[in-house]
Amino acid sequence: MSVPGSLKDVYLDAMKDLWSANDQMTRAVQQLSDQASEPKPKQRLQDAVGGIGQHTALLKSLIEVNGGTTSPEPCKGMEGLVTEALKHGLKEAPSDGRLRDVQIIAQYQRMSHYGLAGFGATAAYAKALGKTDQESKLKTAVSEIYKGDDFASQPAGESVARAAA
């Protein structure tokens with residue numbers, strides 16, 4: 001990655017970073033969903049993989065439209081979040097399925113919040129560059145990620161209540 005010389009470069013770099021983050025998150029969420037014990041969190045995580053894939057396709061198309069090279073830029077931020085997610089959801093996960101589900105959902109949400117920040121900033125770059133159609137698409141992705149986070153919170157709350165009992 002070279003030093004950005006313009007806002008357009010920052011915009012392209014941010015999308016490449018998000019692409020890498022999404023690829024990493026997809027692999028992690030697939031692994032975490034396999035370890036979820038309750039059907040609801042397991043299904044929500046599996047559904048999330050499809051949404052992440054749609055957002056990755058959006059990023060690739062926007063990079064291409066803006067003349068960027070279509071390859072991800074390694075995302076060290078998500079790498080750390082994925083390491084933590086796999087540690088708490090798989091490697092050092094509680095044997096009690098209810099507690100494991102609580103940890104898995106929390107790790108999923110941490111990774112999702114990274115995406116929220118990235119997509120939100122990227123939408124702001126698109127707006128500043130006068131790319132209103134692209135801004136709209138990125139804001140839609142932000143909205144979908146928020147909905148996914150709220151959706152994940154529901155079974156998380158149920159799992160926490162069961163684990164507390």
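Mentor: Helices here are DSSP runs of H or I with at least four residues, strands are runs of E with at least two, and both are numbered from the N terminus. The model is predicted, with local features needing pLDDT of at least 70 and side-chain atom pairs pLDDT 80 or more, while totals for chains, interfaces and linings use all residues. Residues are numbered from 1 along each chain as its sequence is written, and side-chain values use heavy atoms, leaving out hydrogens and water.

Trainee: What does the secondary structure of the chain come to?

Mentor: By those run lengths the chain has five helices and zero strands, so its pattern along the sequence reads α-α-α-α-α.

Trainee: How do you know whether the radius of gyration agrees with a compact globule?

Mentor: The radius is taken over C-alpha atoms, and the globule rule is 2.2 Å times the number of residues to the power 0.38. For 165 residues a compact globule would have a radius near 15 Å, and the chain has 17 Å, which agrees. The C-alpha atoms fill a box of roughly 55 × 25 × 20 Å along the principal axes.

Trainee: What makes a set of residues the largest nonpolar core, and which members touch the most others?

Mentor: A nonpolar core joins buried Ala, Val, Leu, Ile, Met, Phe, Trp, Tyr and Cys through side-chain atoms within 4.5 Å, where buried means under 20% relative accessible area with a 1.4 Å probe and protein chains only. The largest such core has 20 residues, and Met 25, Val 29, Met 78, Tyr 108 and Met 111 touch the most other members. Helix 1 (7-35), helix 2 (39-65), helix 3 (76-91) and helix 4 (97-128) each supply at least two of its residues, with the largest share, five residues, coming from helix 1. Apart from this core lies another, of 17 residues, including Trp 19, Leu 62, Phe 119 and Ala 126. Over the whole chain, 41% of the 165 residues count as buried.

Trainee: Which residues is Tyr 108 in contact with, beyond its neighbours within four places in sequence?

Mentor: Taking contact as heavy atoms within 4.5 Å, Tyr 108 meets Met 25, Val 29, Leu 45, Ala 48, Gly 148 and Ala 152. Across the chain, of the contacts between residues at least 6 apart in sequence, 78% join residues at least 24 apart.

Terms used:
Buried < 20%, exposed > 50% of the residue type's maximum accessible area, 1.4 Å probe, protein only.
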